[in-house]
Amino acid sequence: MSNPVQNPNPNPHFRAKVLQRTLLAIAIFLIFFFGVLIYQLYALQLRDAELYRTEAVTQQMQDTELPAVRGSIYSANGKLLAKSNTVWNIIANPLQSQKNGATTAQLQTAAEEIANLLNDGTTAESIFNILTATNSNGELYEYRVVAKGVEKPVADAIIEYSMNYRTDPKEGEEQGYRIVVLSTEQTSTRSYPYGAFLSSVLGFCNADGSGAYGLEKSYDDELSGTPGRSIAETNVNGEVLANAEADVYPAIDGNNLNLTIDENVQAIVEEYLTEAMNTFSVHGRGSAIVMNVKTGAILAMATVEQFDPNDPYTIYDEKMQAILDKEELDEEDIDWLKSRLGEKEVASIIEDGKVSRETTTDEEGNTVSSEYTQLQGMLREAQWKNKNITELYMPGSVFKLITASAGLDSGIMTAGQTFYCSGEFTVDSGTVWEHTYHCANDTAHGQLDMAGALNHSCNLWFIQAAQTLQPTVFYDYIQAFGFTQTTGIDLPNETRWTSVYNAEQMAEVDTNLYTAAFGQNEAITPMQMATAVAAIANGGYLVTPYVVDSITDSDGNVIQKTETNIRRQVISEEVSEQILAMMETSVDPNSETTDGYHSNKNAYVAGYRIGGKSGTAERTDRDLRYDGDYYKTMSFAAVLPIDDPEIEVFVVLDDPRWVRDFASEVVAPVVGNIISEVAPYLGIEQDPDYNPTGTVTVQTCLDYTWTNAQVTLNQLGLKHKLIGSNGTIVYQYPYGGSKVPAGSTIYLYTETDQDAMTTVPDVMGKSGSFAEQMLRAANLNVQFEGDSGGNVVAQSVAANTSTAYGTIVTLTMDSSGTEDSADTTSEPAASESAEETPAPESEETSGE
């Protein structure tokens, strides 16, 4: 069979269909293509125009944040306590360096030069790692911090180097690209010029500049300010165009805090509190408050041991650091840790008597920090805390002021109310609640009225007072005095938790009522107790304490002023006066009592009318100390002047170790010493009946402890100054038995029997007041012959003579002359009879 012959001319209809389909496909493709193109043009020019315009501008602009300068903190007298210094961070852009063609060798060279310019120990290797840093995907970063807190001259030098260190220019271009692309960010560092001074109140800032503790935290919003912005045009290589003008939106600097804290009062409080910590081997921490009882303004607030907010992560208590550095702990170390940090808190760490440096893993496979790291963190946290507001303590007998006030103000009791004290008192006999109470040392006080009960601090009297008051009335006053709520002080972290029995608990269990009546088994903050005592002192008004007097802007304009906030009246003014009179009787050794006893006379300072109350609480909520005794908290509250109280001095020592472990023996002297310096400084009015003129016979203080020597001199109206460290007095000048002008300073030595020497200033022709200031500043005592309001015509010890601290310089005055208003530039008159009285060479013998 032959093959069929193919038609050489295909069907024309078929060819037409193919052509038609081809044209249709082309038409569809063109319509789709132009449709997509038109849509993209629409999206670019209309729908997303603003978005792309913004992205384009962003890529061509350098947007820099301008940080605000954090506000400063000032004392009541304008002393700068916290400030911010402007510094710069050095920022690198590793990605841009790569785009600019930087080689590894060039970046290594740049790293070496930057390290040399920083000159702060930063290595070239660490800088190189920053300049070549990549993320987890291996992509170079666009933002890496090379150095923080760099001073301006160094920052300028580094940026100048980066601007000049470039690649070789390409053909036709004037200069190459930057090899290392650096920029600066303005920032600030926080500094505290006086180190640990007032640190528990000031607090400190985090690394990012935000407040972490203290005033820095509670007033962070006011101090921080508002950042600004600087927007400048850049080229494709990320460099700011030379002729471009930046749009600058200035930062608004933070506001300043002006405190109620008087730095001079604060320094006095810290000095004596630190002394007490060392003298009485205080295992916990000590705290103190000086408060204006009428307004609530805090003049001083301290917690010791303190920390340096310039370096808050260092542990500044040498004892605690020494314990931390040990691998094996002895009984004494464990005792210190329990007292400072709490038994439950350190239980797991001290269980085996060792502090492990090894990390462990929990049941879920998580890494647990070593015992060393945990303990270090606990010690840091402890030293940051302001004990006055963050920790609870048992007030002990100071709380008897509240019980007495409740009895009088409720009308249920009178000041003449008597109860009998036989030395012991058994309650709830024959029941599971049976308990026998005792007074200190099992003392039997006999029949006492309210004043006698406060003076003798009789527990049994106040138990019977609580029985008379009954739980409902007593608890009403506990609430009214503020013990069930915070004080509202303008500091952070004031604890909201207190441990006080309510009316139902006291009604259900009698012993709850009885122990509360004399301040046991109830826990409050020192600030709560101090505020309650202030209410008793000021006529019965509970005020809100505060430490910030005003807030001012960077131009000094006052934008906020703190006003006195009276929360409520707790007791009547009449009751206030009655309680104050009882408080004074216990302090003033010259006041009359039935038995001549004054329990708190160690707080007495001659010339001042002081009222006070001591409190020694046994920590029944804790295990016994390793020596078998209770942990004790001791406190003392004093107010003055008693006829119109202005200030309160309140001190707490947590777990002191002393042979006479009563607050009247331990804390009262501390309060008296603070008053001896604070009262004259603040101009507190002395008792009009006290005559500070004339002479005083100096008491021999040899072999006294420093604290006891101070108490003795306070009661004589004499000032005192320690030469050496805390310890037993081995020498004093002026000597015991000698006669000195009232108000003179006695210099007490603990380490040598050699006089400290000073040079006598020339006070000829000066006014009496100014001459006295000059001589006292030179550690000399002064007495006048003639009217002290005149001018000096002779001084008993010649000018420029070397003599012992405490030497008495007698000034002969010419009352007829014109008083010199302390013009130190005037030519002094010649001395006609400047007879030198050298310091004695040997100690006189005298009785105590």
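**Notes on selected contacts**

1. The side chains of Glu 584 and Arg 609 form a polar contact at 2.9 Å. This is a predicted model, and side-chain atom pairs count only at pLDDT 80 or more.

2. Glu 584 belongs to helix H23, which spans residues 573–587. Is Glu 584 buried or exposed? Its relative accessible area is 11%, and the cut-off for buried is under 20%, so Glu 584 counts as buried.

3. Leaving aside residues up to four places away in sequence, Glu 584 touches Ser 591, Arg 609, Ile 610, Gly 611 and Ile 642.

4. Helix H18 (residues 459–469) packs with helix H21 (residues 510–517) at an angle of about 125°, and their axes are 8 Å apart. Angles of 65 to 115 degrees count as roughly perpendicular and those over 145 as roughly antiparallel, so H18 and H21 are oblique to each other. Their crossing is right-handed.

5. Which residues meet where H18 and H21 pack? From H18 they are Phe 462, Ile 463, Ala 466 and Gln 467; from H21 they are Leu 513, Tyr 514 and Ala 517. By class, this contact has six nonpolar residues, one polar residue and no charged ones. As a general point, an α-helix has 3.6 residues a turn, so residues three or four places apart point the same way.

6. H21 is mostly covered, with seven of its eight residues buried. The buried residues are Thr 511, Asn 512, Leu 513, Tyr 514, Thr 515, Ala 516 and Ala 517. Leu 513, Tyr 514 and Ala 517 also take part in the contact with H18.

7. What do the buried residues of H21 pack against? Besides H18, the partners are helix H16 (400–409), strand E14 (424–427), strand E15 (435–438), helix H19 (471–480) and helix H20 (503–508). After H21 comes Gly 519, which has a positive phi near 80°.

8. Leu 95 lies in helix H3, residues 94–99. Its relative accessible area is 19%, and buried means under 20%, so Leu 95 is classed as buried.

9. Leu 95 touches Leu 140, Tyr 141 and Glu 142, again not counting residues up to four places away in sequence. Between Leu 95 and Ala 133 the C-alpha to C-alpha distance is 9.1 Å, with a sequence separation of 38 residues.

Conventions:
Residues numbered from 1 in each chain as written. Predicted model: local features only at pLDDT ≥ 70, side-chain atom pairs only at ≥ 80, totals over all residues. Heavy atoms only, no water. Axes fitted to C-alpha atoms, helices over the stretch in contact; angles between N-to-C directions. Helix = DSSP H or I, 4+ residues; strand = E, 2+ residues; numbered from the N terminus. Parallel < 35°, antiparallel > 145°, perpendicular 65-115°, else oblique. Left-handed = near helix turned anticlockwise from the far one by under 90°. Contact = heavy atoms within 4.5 Å. Nonpolar A, V, L, I, M, F, W, Y, C, P; charged D, E, K, R; others polar. Buried < 20%, exposed > 50% of the residue type's maximum accessible area, 1.4 Å probe, protein only. Polar contact = N/O pair within 3.5 Å; in protein donor to acceptor, adjacent residues only side chain to side chain.
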